[in-house]
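Q: Could we go through the aromatic contacts here, and then turn to the strands?

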Amino acid sequence: MKIIAVDTGNKNIKTTKAPPFNAGLIYHGDQEPPVQIDTLEIDGKFYSLTETREPHNDDKTQNDTYFNLTLIAIAKQLMALNPDLPYYKENICLALGLPPSQLSIYRDRYYSYFSRNGKRISFHFNGIPFDIQIQKTCVFAQGISALVPYVQNIFAHARSYIVDIGGYTTDVIKLNNGKLDLALCQSLPYGAIQLFDKVRCAIRAKYQVEVDDYVIDSILQNKEHPEESIEKLAKDTAAKYAVDLFLTLKEIGVDLNFSYPVFIGGGSLLMKEVLQNMLKHEALCIDNVNANAIGYELLASDQLKEDTKVETSVQQETTREQPTLKTDSSSNVSKKYAASAQEPVQIDDLPITASNKESL
């Protein structure tokens with residue numbers, strides 16, 4: 001069973017190997033588009049990726065959009081791992097994440113939504129056939145999972161805050177000596193999408209020019225250099241947004257100057273310079289936008305190993321106690337354990353240990 005980790009963000013979809021892509025789909029119905037570029041075909045329907053994002057929704061299981069985006073992510077990851085194959089067939093352990101504040105609300109829905117009852121799923125991506133079965137779905141805490149390779153840094157400080165600035169929210173998590181403190185585990189309405197809206201409105205109001213998210217993102221990352229005054233306005237607006245976020249964190253009791261801040265997420269890259277300038281000491285900035293997906297993959301690998309150990313132990317114990325059991329009876333024990341292994345993972349039980357750092 002191959003582990004595929006997918007970070008299903010509000011702005012971008014990320015895996016561990018494939019480049020991130022925008023979380024937006026165009027629906028073509030049953031009409032095949034003239035050119036299949038980033039095109040999914042499933043059940044006779046066609047979808048293509050677009051730079052226009054989907055409307056924000058905390059519950060991504062309400063329609064098939066995020067399932068189809070995840071199929072594209074799986075296809076891209078398999079193609080990145082094994083390029084140029086004419087056909088892909090895999091049994092998959094799908095590793096996903098949710099903001100800690102939403103984990104208890106939506107994780108059970110994620111299990112049923114993404115597993116599709118374990119049925120085989122056939123689709124085409126850019127004309128290439130895929131045949132997959134999602135045999136296991138794991139759901140971990142977003143943000144916390146990204147720390148797996150960096151746990152030594154976290155344990156070295158008495159007080160740390162994870163500040164995960166994503167597409168639509170900033171998730172803030174408090175840690176004391178590396179241990180989660182659930183007294184502060186909060187989502188704030190600050191993210192890259194709102195930042196882009198602020199910049200777009202400022203440019204429209206002053207210059208009567210319309211710019212989209214893609215252009216704003218490129219300006220803030222110094223990939224595009226429009227007229228100097230427009231570029232300055234975009235960056236000044238982004239800097240003010242970062243300051244507002246910093247002050248909002250302080251209002252809820254998060255003083256980053258008296259702790260060890262850990263900034264992750266695509267939004268943190270856009271505000272990194274301003275946030276660092278406001279701090280009086282060192283901070284950890286995880287620049288890899290795939291950090292959550294990497295963490296999900298490591299945690300899923302540990303969970304599968306543990307599942308195998310427990311299942312083997314249960315089967316051995318059953319054999320010792322009932323040596324005359326038939327083969328199908330021991331199979332039932334395996335099935336019973338497999339069902340229990342799908343129980344929700346509690347935040348405090350996430351296996352974030354130093355051993356994961358070595359496995360990276």
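A: To begin with the term itself, rings of Phe, Tyr and Trp (its six-membered ring) pair if their centres lie within 6.5 Å, and planes under 30 degrees apart count as stacked, over 60 as edge-to-face and the rest as tilted. On that basis Phe67, Tyr110, Tyr113 and Phe114 form one aromatic cluster. This is a predicted model, in which local features need pLDDT of at least 70 and side-chain atom pairs count only at pLDDT 80 or more, while totals for chains, interfaces and linings use all residues. Residues are numbered from 1 along each chain as its sequence is written, and side-chain values use heavy atoms, with hydrogens and water left out.

Q: How many aromatic pairs does a search of the whole structure find?

A: The search finds seven. One of them joins Tyr27 and Tyr47, a tilted pair at 5.1 Å centre to centre with 35 degrees between the planes. Tyr27 belongs to strand β5 (residues 25-29) and Tyr47 to strand β7 (residues 45-49), so this pair ties together parts 20 residues apart in sequence; strands (E, at least two residues) and helices (H or I, at least four) are DSSP runs, numbered from the N terminus.

Q: And Tyr88 with Phe130, what is the geometry there?

A: Those two rings are stacked, 4.9 Å centre to centre and with 10 degrees between the planes. Because Tyr88 lies in strand β8 (residues 88-98) and Phe130 in strand β10 (residues 128-141), the pair ties together parts that are 42 residues apart in sequence.

Q: Is Tyr88 buried or exposed?

A: Tyr88 is buried, at a relative accessible area of 4%, and Phe130 is buried too, at 2%, where buried means under 20%, exposed over 50% and partly exposed in between (1.4 Å probe, protein chains only).

Q: Which ring does the charged end of Lys60 sit over?

A: The ring is that of Tyr66, with the charged end of Lys60 5.3 Å from its centre; the criterion is NZ of Lys or CZ of Arg within 6 Å of the ring centre and within 35 degrees of the ring normal. Arg116 lies over the face of Tyr113, 5.1 Å from the ring centre.

Q: Switching to the strands, what is the order in the open sheet?

A: Five strands form it in the order β13-β12-β11-β14-β15, with mixed pairing, two strands being paired if DSSP finds at least two bridges between them. The edge strands, each pairing on one side only, are β13 (179-188) and β15 (284-285).

Q: How do β11 and β12 pair?

A: Strand β11 (residues 159-165) runs antiparallel to strand β12 (residues 170-176), over seven bridges, and Ile162 has Ile173 in β12 as its bridge partner.
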